[in-house]
Amino acid sequence: MPLLSRLLVILFLLFAPVQAFAVNPDEVLADPVLEARARALSAELRCMVCQNQSIDDSNAELAKDLRMLVRERISNGDSDEAVLNYIVSRYGEFVLLKPRLSVRTVLLWGAPVLLVLAGGVSLLVFARKRTGLPTGSKLTPEEQARLSELLDK
């Protein structure tokens, strides 16, 4: 039995998916500190082709160009914030995997809540107006006589 369990573990390890980063060896900076900064920034930027991957994980050509641009800006002495601002100025806020807090993002995330609250308030107002309305008019004497006649039968 131990042999079978060892074999299963070996097979599992061989066929288990291993996360492979898309950064090519020719892109890596010589300075490990700058490379760590570049990796951190690359993890925050969205691949515009893949859209749900960071540029650090993507194999797309645009992602490679963005990785090279990030490394170039870092090598030129830009701060992390300056690099992000430069990329955002060229590609828009969508390039950030975690959008910055701004009026646009507050409106984007707050609009559904506001719409649900507005719908709830309008339903309450409508329901209160309906409770005060009469449900119908009184019967005329002829209708009352006819109803009594029908009920007596």
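Me: What makes the largest nonpolar core a core, and which residues have the most contacts inside it?

Reply: A nonpolar core is a set of buried Ala, Val, Leu, Ile, Met, Phe, Trp, Tyr and Cys residues joined through side-chain atoms within 4.5 Å. The largest one here has 17 residues. L45, I55, V70 and I87 have the most contacts inside it. Helices α2 (32–44), α3 (61–75) and α4 each give two or more residues to this core. The largest share, 5 residues, comes from α3.

Me: What kind of model is this, and how are residues numbered?

Reply: This is a predicted model: local features need pLDDT of at least 70, side-chain atom pairs count only at pLDDT 80 or more, and totals for chains, interfaces and linings use all residues. Residues are numbered from 1 along each chain as its sequence is written, and side-chain values use heavy atoms, with hydrogens and water left out.

Me: Which residues does I87 touch?

Reply: Contact means heavy atoms within 4.5 Å. Leaving aside residues up to four places away in sequence, I87 touches L45, L66, L69, V70, G92 and V95.

Me: Why is C47 called buried, and what is C50 called?

Reply: Buried means under 20% relative accessible area, exposed over 50%, and partly exposed in between (1.4 Å probe, protein chains only). C47 has 0%, so it counts as buried. C50 has 34%, so it is partly exposed.

Me: What makes R71 and E35 a salt bridge?

Reply: A salt bridge needs a side-chain nitrogen of Lys or Arg within 4 Å of a carboxyl oxygen of Asp or Glu. The closest N and O atoms of R71 and E35 are 2.7 Å apart, so the pair qualifies. This pair links distant parts of the chain: R71 is in helix α3, E35 in helix α2, and they are 36 residues apart. R71 is buried at 2%. E35 is buried too, at 9%.

Me: How is R39 placed relative to E35?

Reply: Both lie in helix α2, 4 residues apart, about one turn of the helix. R39 forms a salt bridge with E35, with the closest N and O atoms 3.3 Å apart. R39 is partly exposed, at 28%.

Me: Which helices does the salt bridge between R37 and D80 link?

Reply: The closest N and O atoms of R37 and D80 are 2.7 Å apart. The pair links R37 in helix α2 with D80 in helix α4, 43 residues apart. R37 is partly exposed at 24%, and D80 is partly exposed at 31%. Elsewhere, salt bridges that share partners join E35, R39, D56 and R71 into one network. The whole structure has 8 salt bridges.

Me: Why is α1 said to lie largely in the open?

Reply: Of its 14 residues, the number buried is 0, so α1 lies largely in the open. Helices (H or I, at least four residues) are DSSP runs, numbered from the N terminus.

Me: How do you know that the length of α1 agrees with its residue count?

Reply: The expected span of a helix is 1.5 Å times one less than its number of residues. For α1 (residues 2–15) that gives 20 Å, and its end C-alpha atoms are 20 Å apart, which agrees.
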